[in-house]
Amino acid sequence: HRRGDALGDRRWRLPSRSDAERLRPLWRDATLGVWSGGEWVVLQHAAACGETPHLENSPEWRLGRGGARTTTTRVVVVTAHNPMGAPRDAAANDAATRTLLNEARALHEDGVFEDVRPCVSVDAVGGAAAWCEPGLALTLAETNGSNEQAFVAAARLARSHGQAAVYELTGTRGTSGKWTLAVTPVFPGLDGLAVLDAPLVVRQPPRSMPTDPREAGCFWDGETAVLGLQ
């Protein structure tokens, strides 16, 4: 059984509607680490980690532009591991991750993404020692006042690697550091995965985190390199 359209290829077996709804809380409450300033900034839905959003735990000062920001910051998190959640061997995952990085690098050079950062999804308690899936955090560039064109490009990347959805991390202008998390399906029929406007905070790291993006399997050229933030 194959489903898809012009945005992606047709190799992927999509979850059923009931499976998508069952997986929704797991997507919503994921623990994400974004490489910024030479360390992992660990993010999670506020309710999942028992935090109340405030200025001190806002992602704005690590992922946004602080007081200098005049527009909405929109970051899309994409991985190439385990298409549609089906486990596959490490060599295939590593090859796909390298391809994703090269594709994102080319789009950054074309001005589609403002910057490209290594990112990981880890276990909320045990951290990377229990679970670690590498990916990329793509800050969308604006064209004619809109970043929708960049979002479509990020969605194409996710689809081409068989990912059911992407994370959107959004800091909105004039909201005193407020950031939200969304889970956005990139294939039709997966609305059960969708999450909108979940408050997002910087939380304490779990028990273990990778030393750097290379150890995380992001295959970064330099341990502290971030495309667009040199």
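1. Basis of the model. The structure is predicted, so that local features need pLDDT of at least 70 and side-chain atom pairs count only at pLDDT 80 or more, while totals for chains, interfaces and linings use all residues. Residues are numbered from 1 along each chain as its sequence is written, and side-chain values use heavy atoms, with hydrogens and water left out.

2. Confidence. The average pLDDT (the predictor's confidence in each residue, from 0 to 100) is 87 for the protein chain, and 87% of the residues score at least 70. Over residues 1–9 the pLDDT stays under 50, and the model has 24 contacts (heavy atoms within 4.5 Å) beyond four places in sequence for this stretch. Where pLDDT is low, the predicted coordinates should not be read in detail.

3. The largest pocket. A pocket is an open set of points on a 1 Å grid over the protein atoms alone, with protein on both sides within 12 Å along at least five of seven lines, and its lining residues have an atom within 4 Å of a point. The largest one holds about 780 Å³ of space, and of the 34 residues that line it, W27, S121, W131, E133 and Y167 are the closest to its centre. Several elements supply at least two lining residues each, among them α1 (17–28), β1 (31–36) and β6 (165–171), whereas β4 gives the most, with five residues.

4. Threonine 79. T79 lies in strand β3 and, because its relative accessibility is 13%, counts as buried (under 20% relative accessible area, with a 1.4 Å probe and protein chains only). Its side chain reaches the backbone oxygen of P134 at 2.7 Å and the backbone nitrogen of H81 at 3.2 Å. Leaving aside neighbours within four places in sequence, T79 is in contact with L100, E133, P134, G135, H161 and Q163.

5. The largest cavity. A cavity is a set of grid points where a 1.4 Å probe fits but cannot get out, and the count comes to one cavity of 30 Å³ or more. The largest cavity has a volume of about 30 Å³ and is lined by T97, L100, L101, G135, L136 and C218. Two or more of these lining residues come from each of α3 (90–109) and β5, with the largest share, three residues, from α3.

Methods
Points joined across faces, edges and corners; volume = space filled by probe spheres on them. Helix = DSSP H or I, 4+ residues; strand = E, 2+ residues; numbered from the N terminus. Buried < 20%, exposed > 50% of the residue type's maximum accessible area, 1.4 Å probe, protein only. Polar contact = N/O pair within 3.5 Å; in protein donor to acceptor, adjacent residues only side chain to side chain.
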